[in-house]
Amino acid sequence: MFFLIGLGLGDPKDITVKGLEIIKKCSRVYLEAYTSILSCGTEALEEFYGRNLIVADRDLAEQGADEILEGAHELDIALLVVGDPFGATTHTDLVLRAKEKGIKVQVVHNASILNAVGCCGLQLYMFGETVSIPYWTDTWQPDSFFNKIVANYEHKLHTLCLLDIKVKEPTPESLTRKKKEYMPPKFMSVQEAAQQLLNIIQKHPKTCKNYFFL
């Protein structure tokens, strides 16, 4: 069987009892380290769970579905996900691939930012569509997500913005070489996200003038 297990948002102890019991019995346990990460580190998780973890980086998480699911017809295989398993489309894709192969799937849910954001004092039922704010480059500066923020604002709804992270991101130069080289990890700050939003507002003053002070 293939298990998708949510880890929650804090530290090793946020795992559910059900999730921990499954981890201890699995033949292989992968830790998805691409869409999000825990600040406690892999070693702390391994110590608390009492077993080794296989880190699933971007390449393995996105392109190694067959490797992750190998043997899951007869063995118990788990993928650990920060937050809740269905917080990213990558994990939904794995479930669909498992079902195509006739592999049984069990999901163990946990807390995610989608419900924990309630700690800021805003009511969860007043949030609109969630958006992701990606890092811009000199040649790639998408802003379509801003239309969703405006649409939420028009309906008097809050917007949860998920800020980009770059972990094991190949350098542009290495994409044309056989040997990959990776950029240092980086995590978008609130200040960086706010600056990109301000840049979008300045580029589209006519669109934004009814919603923001310019």
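This is a predicted model: local features need pLDDT of at least 70, side-chain atom pairs count only at pLDDT 80 or more; totals for chains, interfaces and linings use all residues.
Of the 214 residues in the protein, 37% are buried. The C-alpha atoms fill a box of roughly 60 × 45 × 35 Å along the principal axes.

The secondary structure consists of nine helices and nine strands. Contacts between residues at least 6 apart in sequence were also examined, and 72% of them join residues at least 24 apart. With regard to charge, the protein carries 23 positive and 27 negative side chains. The centres of these two sets lie 3 Å apart.

Helix H7 spans residues 145-154, and its buried residues include Phe145, Phe146, Ile149, Val150 and Asn152. When H7 is seen down its axis, the buried residues fall within an arc of 160 degrees, and they therefore line one face of the helix. Alanine 151 also lies in H7. The relative accessibility of alanine 151 is 27%, and this residue therefore counts as partly exposed, because that class lies between the limit for buried residues, under 20%, and the limit for exposed residues, over 50%. After H7 comes lysine 156, which has a positive phi, near 60 degrees.

Helix H8 is formed by residues 190-203, 14 residues in total. From its first C-alpha to its last, H8 reaches 20 Å, which is close to the 20 Å expected at 1.5 Å a residue. The buried residues of H8 are Ala193, Gln196, Ile200 and Ile201. Seen down the axis of H8, these residues fall within an arc of 145 degrees, so they line one face of the helix. Gln191 and Gln202, on the other side of H8, are exposed.

How values were computed: Residues are numbered from 1 along each chain as its sequence is written. Side-chain values use heavy atoms; hydrogens and water are left out. Helices (H or I, at least four residues) and strands (E, at least two) are DSSP runs, numbered from the N terminus. The expected span of a helix is 1.5 Å times one less than its number of residues. Buried means under 20% relative accessible area, exposed over 50%, partly exposed in between (1.4 Å probe, protein chains only). The arc is that of the directions from the helix axis to the C-beta atoms. Contact means heavy atoms within 4.5 Å. Lys and Arg count as positive and Asp and Glu as negative; His and the chain ends are not counted. The place of a charge is taken as NZ of Lys, CZ of Arg, CG of Asp or CD of Glu.
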